[in-house]
Amino acid sequence: MFENIFKLIPPPKNPIHNTGDWNLIENKYKIKFPKDYKKIIENYGSGCYSSCFQFISPFSTDEDDFEKFVEEQFDSYDPSNIKKFPLYPKKGGLFPFANSDRGESLFWITEGNPDSWSIYLISHR
C-alpha cells in the first residue's frame, strides 16, 4: 500500500521531525499510535502533503509543536459532539492527528486496536 502512496506523493528528501522515540511519545500521551501513522511520520515528517493534509509530527518542537496542536484541536472541539464522541482519554475518545487546508480536523476514534481505528473528520467552517 505505501509503495503506491510513495509513488503518488513522494516523501521529501529531508523530512522534518521524522525521527524520535515512539515509546517516549506514546508514554507521554498514554496512547499507542497506529503503525500506518508511524510510517507516514517516519517517511514524511511534519508538513502539508498533496496540498491538502497537514501532519504535525509528535517529534516536532518548534512552532508546529505537536502538544500545542493537540491542545488547540481539543479546545476547538464543539462540546455538542461529546455525546456522540468524547475526547481522549475517555474510552473511544477522539484524538487529533492531522488537519486540512479546508479547515477540517482529523481525529482517530480510539476504540480497540490502534491499527483498526476509524477516522472522524470535523469541519470548523
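Reply: Let's begin with burial: a residue is buried if its relative accessible area is under 20%, exposed if over 50%, and partly exposed in between (1.4 Å probe, protein chains only). This is a predicted model, so local features need pLDDT of at least 70 and side-chain atom pairs count only at pLDDT 80 or more, while totals for chains, interfaces and linings use all residues. Residues are numbered from 1 along each chain as its sequence is written, and side-chain values use heavy atoms, with hydrogens and water left out.

Me: What makes Glu104 and Arg102 a salt bridge?

Reply: The rule asks for a side-chain nitrogen of Lys or Arg within 4 Å of a carboxyl oxygen of Asp or Glu. The closest N and O atoms of Glu104 and Arg102 are 3.4 Å apart, so the pair passes. Salt bridges that share partners also join Glu26, Lys32 and Lys38 into one network. The rule gives six salt bridges here. As background, side chains of opposite charge can pair when their charged atoms come close.

Me: What does the salt bridge between Lys91 and Glu111 tie together?

Reply: The N to O distance of this pair is 3.6 Å. Lys91 sits in the loop between α4 and β3 and Glu111 in the loop between β4 and β5 (118-123), so the bridge links parts 20 residues apart in sequence. Those element names come from DSSP runs, numbered from the N terminus: helices are H or I with at least four residues, strands are E with at least two. Lys91 has 74%, so it is exposed, and Glu111, with 44%, is partly exposed.

Me: Why does Lys38 count as buried?

Reply: At 15%, Lys38 falls under the 20% limit, so the label holds. Lys38 lies in helix α3. Leaving out residues up to four places away in sequence, Lys38 touches Trp22, Glu26, Lys32 and Phe33, where contact means heavy atoms within 4.5 Å.

Me: How do you know which side of α3 its buried residues are on?

Reply: The buried residues of α3 are Tyr37, Lys38, Ile41 and Tyr44. Their arc is only 160 degrees around the axis, so they share the same side of α3. That arc is taken from the directions from the helix axis to the C-beta atoms. Just after α3, Gly45 has a positive phi of about 70 degrees.

Me: What makes a group of residues a nonpolar core?

Reply: The members must be buried Ala, Val, Leu, Ile, Met, Phe, Trp, Tyr or Cys residues, joined through side-chain atoms within 4.5 Å. The largest one here has 22 residues, and Phe33, Tyr37, Phe66 and Phe95 touch the most other members. At least two residues come from each of α2 (22-29), α3 (35-44), α4 (66-75), β3 (94-100) and β4 (104-109). A second, separate core has eight residues, including Phe85, Leu94, Ile109 and Ile122.

Me: Where is confidence lowest and where is it highest?

Reply: Confidence here is pLDDT, the predictor's score for each residue, from 0 to 100. Helix α1 (residues 2-8) is lowest, with a mean of 75, and α2 is highest, at 94. The protein's mean is 86, with 90% of residues at 70 or more.
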